[in-house]
Amino acid sequence: MGDHHLHSPPPSPDVDYISNLHDSLLLHILCFLSTHDSVRTSVLARRWRSLWASVPTIVFDYYDFHPEAVSRADEIIHQFVASRRNSSAVFSLSINLSHVCPGAWIDYAKSHGVQSVALCLCYYPLQSPIFDTLFNCPSLVVLNLQFDEDWPRVDIPPECIALSNLKTLSLTLGVFSEESMRMLLACCLNLQDLRLDLTECYDAAIEIALPKLRTLLLTSTLSKTHINCPILESLCIGGSSFLEEFHAYVPSLFYLHFGPLRWCHPLFSSLCNAAELGISLVSLPADLEEHLSIIESFKFFHKIQKFKVHLHLRYEFTMQLLFLFLLEIPDLHTLHLMDETYEEEPFSPFSLIDDGWREFLQIMPSRSFNNLKLVLVQIQSESARSTILEMLSEKVQEWDRVVVRYIAWKVKELRQVQQVKFNHQI
């Protein structure tokens, strides 16, 4: 029997194995395509002619349309919806188009048991009523709403909110009033993952009290932010402008990430139980006093076991801050260092150090970080990599037992980092 399998004939090039798959498998494959490409498969063969009409995902994007057809996108999508098999379920609806009103599509998806909706909405006078339908959708599990800057403030009628099964919510703040946001979050008691993108025009307070929330991402912080999430495990804060008015009760917090790190005693003291920490030292304050306040904040994170830090090794004080931070986390097991700068000239991280820093560096023991087991190095510059590892080897007593792994930057990651830095400069 073994010999029979070893000498089985190769697949015939004349057999269409994919078309012979069951409909359910083919529909699952088509779910990974945009609706535009899914419909195009109808010309492959008779077997594919009507499969697109039963695909449970509807995905339309601006780039799916020829420039001359963009103005007719609303009409084209309505024709598509009318051509679908009415008995086919709609698990997912995703639309990224400007100057169209997706109210009819939302009604259609809702009537077919939609579980996931992602909309990128430019302002259109007829858009506002869609929220009455969208937020009254008990079947929804995932909701992602992004808005442009032209939207006026919208009030959501309390009787229109029914999102009892919603588990993942991503939302641009600045469109809904403070009271509407309060009611919306209060009605999402099963929410587990929440992302809030804050716009500069949103100056209202926000309270997040969700008993089942596990991950929370805030692109920035508001002047008044209160978090009461007893089982929250992951908290990411992109900006840190108003941390002094940021209050959090998160006793189960495990992973914490800050964008630009700034000092805030009340907040840090409530987050000190985190075991994993990620910070960015790409954008540092200008004066020494602010640097010293950051060093003071390090003392709150002495329980950290895994530390991920995004560096900018051409900035003054970056390495000094890193090593002073490491002094405060003696139980550190894993260190992940990131820097996308690609320069091969001689690298001297302490060349710009002034007298004010020398006093702090002198207190650093020659052999520290004895619990360090793994160092992940994601640094573009070869000279920077070798210099940092040499500096670490001088501070770790059993350096020969530390595993060092190199991670290459992906092109997509580099573009994202460069875009973040560009936005910050603006």
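Biologist: Which residues of helix H5 are buried?

Modeller: This is a predicted model. Buried means under 20% relative accessible area. In H5, residues 103-111, these are Gly103, Trp105, Ile106, Tyr108 and Ala109.

Biologist: What do the buried residues of H5 pack against?

Modeller: Contact means heavy atoms within 4.5 Å. The partners include two helices, H4 (73-83) and H6 (130-134). Strands E1 (57-61), E2 (92-97) and E3 (116-121) are also packed against. After H5 comes Gly113, with a positive phi near 70°.

Biologist: How do the axes of H10 and H12 cross?

Modeller: Angles under 35 degrees count as roughly parallel. The axes of H10 (residues 318-327) and H12 (residues 382-395) cross at roughly 30° and come within 13 Å. Therefore H10 and H12 are roughly parallel to each other. The crossing is right-handed.

Biologist: Which residues meet there?

Modeller: From H10, Met319, Phe323 and Leu326. From H12, Ile388, Met391, Leu392 and Lys395. The contact divides into 6 nonpolar residues, no polar and 1 charged.

Biologist: Which residues touch the most other members of the largest nonpolar core?

Modeller: That core has 108 residues, and the answer is Phe176, Leu194, Ile208, Phe258, Phe307 and Leu326. H10 supplies the largest share of this core, 7 residues. A second, separate core has 6 residues, among them Leu26, Leu27, Leu30 and Leu51.

Biologist: What does Ile208 touch?

Modeller: Leave out residues up to four places away in sequence. Then the neighbours of Ile208 include Leu185, Leu194, Leu196, Leu213, Leu216 and Leu218. His226, Ile227, Asn228 and Cys229 are touched as well.

Terms used
Residues numbered from 1 in each chain as written. Predicted model: local features only at pLDDT ≥ 70, side-chain atom pairs only at ≥ 80, totals over all residues. Heavy atoms only, no water. Buried < 20%, exposed > 50% of the residue type's maximum accessible area, 1.4 Å probe, protein only. Helix = DSSP H or I, 4+ residues; strand = E, 2+ residues; numbered from the N terminus. Axes fitted to C-alpha atoms, helices over the stretch in contact; angles between N-to-C directions. Parallel < 35°, antiparallel > 145°, perpendicular 65-115°, else oblique. Left-handed = near helix turned anticlockwise from the far one by under 90°. Nonpolar A, V, L, I, M, F, W, Y, C, P; charged D, E, K, R; others polar. Core = buried A, V, L, I, M, F, W, Y, C linked by side-chain atoms within 4.5 Å.
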